[in-house]
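Please keep the sequence and the coordinates in view while reading.

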Amino acid sequence: MATTPPSAGDRRPILTIDTSSGQGVIALYDGQHLSSRTWPADRTHTTTLLSEIHQLLDRADVQVRDLGAMGIAIGPGAFTGLRVGFGVAKGFHLATGLPLIGVPTLEAAAVAFASCGTPIVAAIGAGRGRLVWAQYTPESDGLLPIRPLRNGTFAELMEELQGMSPVHFTGEIEDDQARLIEELEGVSIPAAPLRFRHPGALAQLAWRRWRSGSIDDAESIEPVYLSR
Amino acid sequence: MYAVIVLGIETSCDETAAAVVSDGRRVLSSVISSQFDLHRAHGGVVPELAARRHVTAIVPVVEQALRDAGIDRDDLDAIAVTQGPGLAGALVVGMNAAKAMAYALGRPLVAVNHLEAHIYANWLCDSPNVPSEPLFPILCLLVSGGHTELILMTGHRRFQHLGRTLDDAAGEAFDKGARLLGLGFPGGPAIQEAASKGDPRSFELPRAWLAGTYDFSFSGLKTALLRLTEPMRVPESDVASATGPPSSMSGPFREHRPPTYAPDAPIADLAAAFQQAVIEPLVVKTARAAAEFDARTVVLAGGVAANSLLRDRLLREVLAQCGPGVPVAFPSHAYCTDNAAMVAAAAAWVIRAGDLVGWEADVHPRLSLTQR
Ligand SMILES: [Zn+2]
């Protein structure tokens, strides 16, 4: 949905939230300053998300009605966690008319590595031992998705990475899985704490879209539901 | 006196609803987005589909409720939401939207028990001339797709359980009965319609009286209906070859295929006999409890309270057992089935009790009426 972009002098911050996985991620960004919170939410997004948002906004002395827009990670990810995020985003929209901007979760995972010069594969857990992953190739102004999201087993992910060298891998996976990926020829993978989605990544993607006047329809926007 | 204006939000099952209610009594607006079409093909509510639909319905439903009431969001005094019982994934959508609205507007958040809300539907009215409140003690029969409970209400928010179903809820019994008879979903209205053309005396179906208790049981009745109808069915192999394989409209979610009966099968008579067998124990036990506990009002609540045979029979039985001084009340049709006006109504008494919740409030899929 296109809208009139905010004026250059509009310094209102945006709030971004990511409840796609057990790692809760929120950020406040005004084009110059980033403040953020991450916490191990596991299955407690409903009881923790709004308190975390309150602490983030309160510290910055910002109220919901002072925000310019809200970015939300749309998945793939855990369905219930995503719906908590959508509930909160839509509640803020209902209260203040705040525009909503949906950002693919795996694009937010990958964009921090956009300058690495190789294709990037980003993955997230899909429950019952399965993973969902996306492939991106860096472009001058961001990431280009190479192929549709894939839902598969770890073995299938390994197979795909093997055929891609050189490639950069990131995402929330188990430590022993990371070690197996590390051993692959031509595949680079960051250390465990650097594989979590960075709060600034979602903020950057949502900010760019807001400043270019591209927002989503707050009524119909919904999580990405990926089945096998 | 200043009226308290509450926005109610309800997403516990398959209806996305929002309403604005003044002082817990007068409905200024009530909007319900039914997911009926979404679940019909499956012969029942599919939780994952319900949760998905709430996400896309919540914004237009709440906006419509505010527009219909002619209320600006800043004029709301509190936001109320169903906390449970219900489907976890569905409850989460309403709870978080309500929480975020309350937070952004700087208003209190009220978490409402869905069962309590069904009972408080009896306090609602559509006109500015608000009638007097039902008198305590109130004997309440709460009958819906998920619940069948006999409750003594001694004051606002003071509930005492007298009895409950030991297996299926009354609404669930209607759903299962309707499915066995090939009458569609939801079962209550389907059975009632078919029964209107039938004779309840044509078939003898069992009633579980559970003597000496105020409990109910409907599973034996369902089994009896199955035994009775099985010989009347057209074998499935004959049906399959005539209609081909089932379509897969909704992908991974299983579809329900209704049984087929010969054109001359006595479906109307079976529906009438079945309906009577569900309702009779409800009516008899409710009236008996009203007499035993000296109730000054008897109220019906929940989706099955819309059943007209239940209403008629209960009026007669309470009159017979308690005399003419005990009125029988039931919510208007629109407030029997799941809606948000009842949530905003119940919230008014929660607010009066000062029972507000914080931002860490959670959903409670298995919440009971007497739990706080
Ligand atoms: Zn209900």
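Predicted model: local features only at pLDDT ≥ 70, side-chain atom pairs only at ≥ 80, totals over all residues.

Q: How many residues of chain B are in contact with chain A?
A: Contact requires heavy atoms within 4.5 Å. Under that cut-off, chain A takes part with 30 residues, and the number of residues on chain B is 29.

Q: How much area do chain A and chain B bury between them, and what share of it is on carbon and sulfur atoms?
A: The area is summed over both chains. Chain A and chain B bury about 2600 Å², and the share on carbon and sulfur atoms is 66%.

Q: Which three residues supply more than any other three of the area that chain A buries against chain B?
A: The leading trio supplies 28% of the area that chain A buries against chain B. Its members are Thr46(A), Arg83(A) and Leu94(A).

Q: Which residue of chain A meets Asp74(B) in a salt bridge?
A: The rule finds two salt bridges across the interface of chain A and chain B. A salt bridge needs a side-chain nitrogen of Lys or Arg within 4 Å of a carboxyl oxygen. The N to O distance for Asp74(B) is 3.6 Å, and its partner is Arg65(A).

Q: Which element gives the most residues to the side of chain A that touches chain B?
A: Across this interface the rule finds seven residue pairs in polar contact. On chain A, the elements giving two or more residues are α1 (45–59) and α2 (79–96). The residues of this side divide into 14 nonpolar, 11 polar and five charged. With 14 residues, the element that gives the most is α2(A).

Q: Are His118(B) and Asp338(B) buried or exposed?
A: His118(B) lies in helix α4 (residues 114–120) of chain B, whereas Asp338(B) lies in the loop between α11 (333–336) and α12 (341–352). The pair links distant parts of the chain, 220 residues apart. Both residues are buried.

Q: Why does Ala265(B) count as buried?
A: Ala265(B) is found in the loop between α8 (236–243) and α9 (267–292) of chain B. Its C-alpha atom is separated by 8.5 Å from that of Arg233(B), 32 residues apart along the chain. Buried means under 20% relative accessible area. Ala265(B) therefore counts as buried, because its relative accessible area is 15%.

Conventions
Residues numbered from 1 in each chain as written. Chains lettered and ligands numbered in written order. Heavy atoms only, no water. Buried area = accessible area lost by both parts, 1.4 Å probe. Polar contact = N/O pair within 3.5 Å; in protein donor to acceptor, adjacent residues only side chain to side chain. Helix = DSSP H or I, 4+ residues; strand = E, 2+ residues; numbered from the N terminus. Nonpolar A, V, L, I, M, F, W, Y, C, P; charged D, E, K, R; others polar. Buried < 20%, exposed > 50% of the residue type's maximum accessible area, 1.4 Å probe, protein only.
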